[in-house]
Amino acid sequence: MFILVNLKAYPCDPVAVAEAARDVAETTDARIAVAPQAADLARVADTGVETWAQHVSPNAHGSHTGSTLAEAVADNGAEGTLINHSERRLKLADVDAALDATDRADLESIVCANNPNQVGAAAALGPDAVAVEPPELIGGDVSVATADPEIVEGAVDAAAAVDEDVDVFCGAGVSTGEDVAAAADLGASGVLLASGVAKADDPRAALEDLVSEI
């Protein structure tokens, strides 16, 4: 199971979370990555934790003020990126262009989707993984794997019908080791979460709990 901690724009210490994630990954052999804000990518990558960007823009070098260039996040230590998170939606053509950008920069990619139908469409674009995250459950206390397991199972089936090489992750409400285990039982190969770690009083303890049943 792959665990990606999205720090969003929460008022946490990204380096402290990264160090905790690095230490837990090293002591448990779990694969844990942290996605900080773009301005913090280099600092987080310097801790040695696997580092991901929260977004890359669907463009190359040029006159694109305010864009997040895939090559720039790679140069600052990112190994992969989220695309089309529910809080950073893109048009389908822009998702495709952002994936082209990840190919240029040699970044792994996770395309987020709301439901199994969108998962199938996203998988057809050839990302490394797709993640199903019902928006109404994001930031809540109930995991999608518990609240609506059919969505996770449907996402796994939808992706497999298009491309069996595309991994399926799930997010929204994930915060405990039981949530991670439930996601695995439903066929997901990874989870996305944010507040469960970023807002935790003790991020290391939260991470240790997340990997406790892997």
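Is arginine 104 buried, partly exposed or exposed? At 41% relative accessibility, arginine 104 counts as partly exposed, where buried means under 20% relative accessible area, exposed means over 50%, and partly exposed lies in between (1.4 Å probe, protein chains only).

The model is predicted, so that local features need pLDDT of at least 70 and side-chain atom pairs count only at pLDDT 80 or more, while totals for chains, interfaces and linings use all residues. Residues are numbered from 1 along each chain as its sequence is written, and side-chain values use heavy atoms, with hydrogens and water left out.

**Salt bridges**

- A salt bridge is a side-chain nitrogen of Lys or Arg within 4 Å of a carboxyl oxygen of Asp or Glu; the count by this rule is eight.
- Glutamate 71 is buried, at 17% relative accessibility.
- Salt bridges with shared partners join Arg22, Asp23, Arg204 and Glu208 into one network.
- Between glutamate 50 and arginine 31, the closest N and O atoms of the salt bridge are 2.7 Å apart. Because glutamate 50 belongs to strand β3 (residues 50-53) and arginine 31 to strand β2 (residues 31-35), the pair links parts that are 19 residues apart in sequence. Glutamate 50 is buried at 15% relative accessible area, whereas arginine 31 is partly exposed at 33%.
- Aspartate 40 and arginine 43 also meet through their side chains in a salt bridge (2.9 Å, N to O). Aspartate 40 is buried, with a relative accessible area of 17%, and arginine 43 is partly exposed, with 43%.

- Helices (H or I, at least four residues) and strands (E, at least two) are DSSP runs, numbered from the N terminus; two strands pair if DSSP finds at least two bridges between them.
- Five of the six residues of strand β5 (residues 108-113) are buried.
- Strand β4 (residues 80-83) pairs with β5 in the parallel sense over four bridges, and threonine 81 has serine 109 in β5 as its bridge partner.
- From β4 the chain passes through α4 to β5 in a right-handed β-α-β crossover, a term meaning that, with the strands pointing away from the viewer, the path from the first strand over the helix to the second runs clockwise.
- β5 and strand β6 (residues 129-132) run parallel and are joined by four bridges, with alanine 113 opposite valine 132 in β6.
- The β-α-β crossover from β5 through helix α5 (residues 116-123) to β6 is right-handed.
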